[in-house]
Each structure stands twice: as C-alpha cells, then as structure tokens.
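Hi,

Here is the structure I promised to pass on. Have a look at it first, and my notes follow below.

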Amino acid sequence: MTYTLYGMAGSLYTARARSYMRTNAVPFTEVKAGSEEFTGEIVPQIGRWIIPVIKTPEGSIVQDGADIIDHLDGAGFSKHPIYPADPVLLLIAHAFELFGSHGLLRPAMHYRWNFDEVNLPFLRETFRDVLPSGLQKDAEDAAFLHASGRMRQAAVVFGVTPDTQKLVEESYAQFLVLMEQHLRHHSFMLGSHATIADYGLIGAMYAHLARDPVPLRLMQTSAPNVFRWVERMNMAETFVDEAVAKAQGKLFDGDSLPVSLLQLMRFIADDYLPEITAHVERANSWLERHPEIETGSPTKNKSMKSGMGLAPFQWRGEEIETVVIPYRFYLLQRLKDAFDRQSENDRSTIRARFESTALESLLDLRINRRMERRDNQEVWGELQ
C-alpha cells in the first residue's frame with residue numbers, strides 16, 4: 001500500500017509534504033513533476049500544473065502540502081499529534097504555518113536566485129525534476145531558462161529587488177539567530193515532537209535555504225542547530241536521536257512558554273504581520289468591487305498574475321509591495337477557524353499571549369469571504 005508523491009527536490013511546498021511522509025513512516029515513492037506520468041495522468045485530473053500532489057493506494061488525488069498532511073494525519077500516520085491540544089500552542093502553530101509558507105519567501109527566493117556564480121550549476125541539475133524527460137541538451141537548457149526565468153520574476157513580486165536585497169539578508173540573519181537560540185534547547189518548535197509549526201517552516205528552510213549552496217553554507221556556519229533541525233525533519237520515523245528520546249514527546253505548557261519562542265513570535269509580528277495585513281486589506285477592497293463572485297467559484301490563484309495585484313506596506317523602514325496570493329488566505333482561514341472554535345476563556349488566554357508578542361491583530365485578520373479548498377483548488381466560500 002504505497003503512496004506516490006509528485007514533486008521536486010527543490011520545491012518549497014513539496015518539502016513540507018515529504019517531511020511529514022518521511023518522519024511518520026508513510027510508504028511512498030517520489031516521482032518527478034516532469035515525468036510523463038505526472039503531466040499525462042495527474043495534471044488533467046487536477047486541471048492545472050501544480051505541486052505537490054499525492055496519489056493514494058486507492059488512486060485518489062490530493063494536492064497541496066497542508067491538505068496532504070491533513071489527509072495522511074486522518075489516515076492515522078501521525079506518530080504524535082501534529083495539532084496541539086493546548087489552545088495557545090495550537091494558534092501559535094497555525095501562526096508559524098502561515099509565516100513559514102509565505103513569510104520566508106523573500107529569503108528563500110533571494111538566496112536561490114541572486115547568487116548564480118555559486119548556485120547555478122546546482123540549480124540546473126535540481127530543476128531537471130520539473131523538465132520533461134529525454135530532452136536534448138539545447139532543449140533542456142532552453143527549458144531551464146524558461147522555468148528559472150519565471151521564478152526570477154516571482155522573486156520580484158515577492159519583494160526581492162535590488163533595493164531590498166540587503167534588508168532581506170538582515171531579516172533572515174535575525175531570524176536564524178532567534179531560531180538557533182530556540183533550537184539549541186528544544187528539538188522542535190513547540191517541544192519534543194513536530195507539529196504543523198515545524199511542517200509549515202520546513203518547506204523554505206529545507207528546499208531552498210538548506211539545499212541551495214549559498215544559504216546551506218550560511219545555515220551550517222551560523223546556525224548549526226537549525227541545520228540539525230532540518231536534518232531531524234527529514235529523518236525516517238524509525239530513527240530517533242538522543243535529544244528527542246529524552247524529551248519523551250512532550251510539548252510546551254501554553255501557560256509557560258520559553259522566551260526563545262516568544263521572541264520568534266515577536267519576529268513574525270515585526271517581519272510578516274504588516275504584509276499579511278496589507279494583503280487582507282487589498283483582498284477585501286477587491287472583493288467589494290466584485291460582488292458578482294459566486295460561492296464555490298475558483299479563485300484562479302496564480303502566484304505572479306493574481307487579479308488582486310500588488311499590496312504596498314512598510315517593511316523594515318521601507319515601503320515595498322508584494323503580490324496578493326489567494327492561497328495565503330486559506331492558511332489564514334485555518335488559523336481563524338482554529339481560534340473561533342475555542343471557548344471564550346481560551347480565546348482570552350490566546351489573545352493575552354499573542355498581545356504580549358505584538359501579534360494579537362493576526363487573530364482578527366480575515367477576508368470578507370471564506371477561503372476554502374474543493375476539488376484540489378482554492379474557491380471562494382460564504383460571506384463572513
């Protein structure tokens with residue numbers, strides 16, 4: 001009973017699904033997204049070329065890292081609960097999931113595409129995963145230039161420009177310092193086993209920032225415990241290192257969080273909250289201009305051609321603008337729903353904890369229509 005994972009070794013979102021599958025001993029075979037099997041069989045079923053995708057032993061198709069993990073969790077593969085029972089930890093986990101999936105895009109794209117002298121030979125090889133098999137060298141070179149050109153354009157609309165490169169490096173250096181301090185004493189983000197906080201962060205932290213040559217060296221030399229976490233997040237479930245074994249699968253107490261975790265939350269408030277706030281405001285303005293949208297209609301999410309355009313915001317003392325991607329609101333919806341499910345007392349406790357790290361307003365961000373996923377794509381839900 002083996003699953004098939006369709007993706008790419010260097011794909012941020014594939015890395016998230018693969019990490020869960022490796023650490024929870026899901027039996028799977030990985031097939032590159034450039035294969036005839038993927039383009040000829042899977043893409044027509046989904047209706048678009050997008051990764052990651054899994055095919056279950058029964059032949060069902062599941063697309064998207066979050067949905068794949070939820071599907072496998074529901075199938076009983078999780079060795080430990082990936083959604084913390086503690087309400088405070090649960091909302092923190094969702095915040096890290098959102099930040100990891102989108103708040104780390106700038107360093108991920110900068111360190112991949114702005115260091116060609118070192119990175120390019122490696123990237124040419126890793127991108128063969130998404131190119132058709134059997135291409136002659138000239139055709140393969142042309143296909144790589146096309147694929148990499150699109151990714152360089154994406155880097156720009158994600159906020160990586162000549163004017164912001166220094167700020168991106170400063171931001172990522174600060175994040176590495178804080179994460180290193182935290183992981184020096186804790187095996188995972190919320191304690192001694194992985195949760196959706198870890199699976200949200202691992203995509204960028206592994207696929208881009210711990211594989212591509214330039215950021216790999218930076219992580220190994222400046223944040224060795226972060227690199228060790230990256231290794232731990234990609235180890236087979238049957239291997240347990242000493243630190244994890246001694247911790248016996250315990251998560252933090254929501255009433256007594258380590259200072260290092262609170263500092264990381266404050267970093268998210270400083271570094272990512274202005275962006276997601278601007279995106280929500282832009283989305284709501286766009287939705288007001290389009291009252292004709294029907295419930296259940298696809299968002300037609302395209303990372304570089306979103307109909308919602310670019311949203312400006314202040315970031316590290318400079319005004320920048322980034323593309324508004326509807327998928328981000330799906331992850332934000334997950335956070336909102338998790339918060340709304342809590343009791344009034346628990347919501348007050350969560351608010352107090354988030355307020356102490358300047359992150360409270362994240363709990364109230366919401367677009368005017370629900371963002372849902374049906375048939376492996378994002379769709380507009382009811383007004384909210």
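Contact here means heavy atoms within 4.5 Å. On that basis, and not counting residues up to four places away in sequence, Trp229 touches Met179, Leu183, Ser187, Phe188, Asp198, Leu201, Ile202 and Met205.

A word on where this comes from: it is a predicted model, where local features need pLDDT of at least 70, side-chain atom pairs count only at pLDDT 80 or more, and totals for chains, interfaces and linings use all residues. Residues are numbered from 1 along each chain as its sequence is written, and side-chain values use heavy atoms, with hydrogens and water left out.

Trp229 also turns up where helix α8 (residues 165-183) meets helix α11 (residues 224-232). Helices are DSSP runs (H or I, at least four residues), numbered from the N terminus. The axes of α8 and α11 come within 7 Å and cross at roughly 70 degrees; axes are lines fitted to C-alpha atoms over the stretch in contact, with angles from 0 to 180 degrees between N-to-C directions. The two helices are therefore roughly perpendicular (65 to 115 degrees). On the α8 side the contact uses Leu176, Met179, Glu180 and Leu183, and on the α11 side Pro224, Asn225, Val226 and Trp229.

Next, the largest nonpolar core, which has 128 residues. Such a core is a set of buried Ala, Val, Leu, Ile, Met, Phe, Trp, Tyr and Cys residues joined through side-chain atoms within 4.5 Å, and buried means under 20% relative accessible area, exposed over 50%, partly exposed in between (1.4 Å probe, protein chains only). Phe96, Phe175, Met179, Met205, Trp229, Phe329 and Leu362 touch the most other members. Helix α4 (residues 87-103) gives the largest share, 10 residues.

Pro87, Val88, Leu91, Ile92 and Ala95 of α4 make the contact with Asp346, Thr349, Ile350, Arg353 and Phe354 of α16.

Is His110 buried or exposed? At 0% relative accessibility, His110 counts as buried. It lies in helix α5 (residues 105-113) and, leaving aside neighbours within four places in sequence, is in contact with Phe115, Val160, Gln165, Val168 and Glu169.

Asp129 sits in the loop between α6 (116-126) and α7 (137-157) and is partly exposed, at 21% relative accessible area. Beyond neighbours within four places in sequence, Asp129 contacts Gly7, Met8, Ala9, Lys32, Ala33 and Gly34.

Cheers

Definitions and conventions:
Parallel < 35°, antiparallel > 145°, perpendicular 65-115°, else oblique.
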